[in-house]
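Please keep the sequence and the structure in view while reading.

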Amino acid sequence: RYETSSANLVEDFYVPALDRATTYDRAVGYFRSSVFHLTQVAMSDFALRGGRMRLICSPHLDEHDAKVIQRAFGQAEERIVASIGHDIEKALQDVAEHASLQMLATLLEFGILEIRLTYKPKQTGIFHTKIGIISDGTDSLSFDGSANETFMAWSENEERVTPFCSWRDDYQHRQVQWDTDYFEDLWESKKAGLKTQALPDVVLENLRQYAVPDPQEAIEQVRLAQLGQS
């Protein structure tokens, strides 16, 4: 178990795990591209050696958006596009966030990262589960805890992460399999009460303009932005 009060979540857990990984599946309530500003070392090595990440997160919908979607399901994409567009505009106002947005767009463009959105179309409440599955193709670990995939969660908040390792014992092996099955069902939109969909085309087109021709260049921009703030 890793707790912010007694461990560095990034240096003690996130970086060593991704350093050995070929795939990373993550389902979280919230995601911010600024997390790449913090984890660029782990994510850059992972990406450049052919790693692949699948991310499921909840769009940031205010109470009005959620009510509109419940009344008229066909308006869901319009509300999601507006929400993500607002996040992009906010990121462009900060040098480090802009670099992280570039890295996000580039990882998407090169197929290193795939993002799907999940939400509750017919009920109140939000998707708030937080799990991850990291694998090297033979062994896997899954983890759950309080942390979203955001800069604040991994660097500033008081958070706790509990990993389970498929190679340790039957209990942990079953836990990893349960988390893996849950993620796959969520990815394929097979969870009751939830709708999972790909990023809308208009969002992908908007993000594509910020991608750079080489993932290494995007990673370097994040590194330089990080140095500029240190």
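## Terms and basis

Helices (H or I, at least four residues) and strands (E, at least two) are DSSP runs, numbered from the N terminus. Residues are numbered from 1 along each chain as its sequence is written. This is a predicted model, in which local features need pLDDT of at least 70 and side-chain atom pairs count only at pLDDT 80 or more, while totals for chains, interfaces and linings use all residues; side-chain values use heavy atoms, with hydrogens and water left out.

## The sheet

Eight strands make up an open sheet with mixed pairing, and their order is β1-β7-β6-β5-β2-β3-β4-β8. Two strands pair if DSSP finds at least two bridges between them. At the edges are β1 (2-3) and β8 (195-198), each of which pairs on one side only.

Starting from β1, the pairing with β7 is antiparallel and has two bridges; here Y2 has V161 in β7 as its bridge partner. Strand β7 (residues 160-165) is mostly covered, as five of its six residues are buried. Buried means under 20% relative accessible area, exposed means over 50%, and partly exposed lies in between (1.4 Å probe, protein chains only). β7 and β6 are also antiparallel, over five bridges, and S142 stands opposite F164 in β7. On to strand β5 (residues 131-135): five bridges join β5 to β6, again antiparallel, and the bridge partner of I133 in β6 is S142.

## Strand β2 and its neighbours

β2 is mostly covered, with five of its six residues buried. Five bridges pair β2 with β5 in the antiparallel sense, whereas β2 and strand β3 (residues 52-57) run parallel and are joined by six bridges. Y24 stands opposite I134 in β5, and in β3 the bridge partner of Y24 is M53. In a regular strand the side chains alternate between the two faces of the sheet.

## Aromatic pairs

How many aromatic pairs does the count come to? There are six aromatic pairs. Rings of Phe, Tyr and Trp (its six-membered ring) pair if their centres lie within 6.5 Å; planes under 30 degrees apart count as stacked, over 60 as edge-to-face and the rest as tilted. The pair of F13 and F143 is edge-to-face, because the ring centres are 5.1 Å apart and the planes stand at 80 degrees. F13 lies in helix α1 (residues 9-18) and F143 in strand β6, so this pair ties together parts that are 130 residues apart in sequence. Both F13 and F143 are buried. Ring pairs also link Y2, F13 and F143 into a cluster.

The rings of Y14 and Y24 have centres 5.9 Å apart and planes at 85 degrees, so they too form an edge-to-face pair. Y14 is in helix α1 and Y24 in strand β2 (residues 23-28), so the parts tied together are ten residues apart in sequence. Y14 and Y24 are both buried, and Y14 counts as buried because its relative accessible area is 2%.

## A charge over a ring

R54 lies over the face of W187, at 5.1 Å from the ring centre. A charge sits over a ring if NZ of Lys or CZ of Arg is within 6 Å of the ring centre and within 35 degrees of the ring normal.

## The cavity

On a 1 Å grid over the protein atoms alone, a cavity is a set of points where a 1.4 Å probe fits but cannot get out; lining residues have an atom within 4 Å of a point. Grid points are joined across faces, edges and corners, and a volume is the space filled by probe spheres set on the points. The count comes to one cavity of 30 Å³ or more, and the largest cavity holds about 30 Å³ of space.

Which residues line the largest cavity? R26, K130, F143, D144, G145, S146, A147 and V161 do. Strand β6 (residues 140-145) gives the largest share of this lining, three residues. By class, the lining has three nonpolar, two polar and three charged residues. Ala, Val, Leu, Ile, Met, Phe, Trp, Tyr, Cys and Pro count as nonpolar, Asp, Glu, Lys and Arg as charged, and the others, Gly among them, as polar.

## A loop residue with positive phi

S189 sits in the loop between α7 (170-187) and β8. Phi of S189 is near 60 degrees, a positive value in a residue other than glycine. Most residues other than glycine have a negative phi. S189 is classed as partly exposed because its relative accessible area is 28%.

Notes. On a 1 Å grid over the protein atoms alone, a cavity is a set of points where a 1.4 Å probe fits but cannot get out, and a pocket is an open set with protein on both sides within 12 Å along at least five of seven lines; lining residues have an atom within 4 Å of a point.
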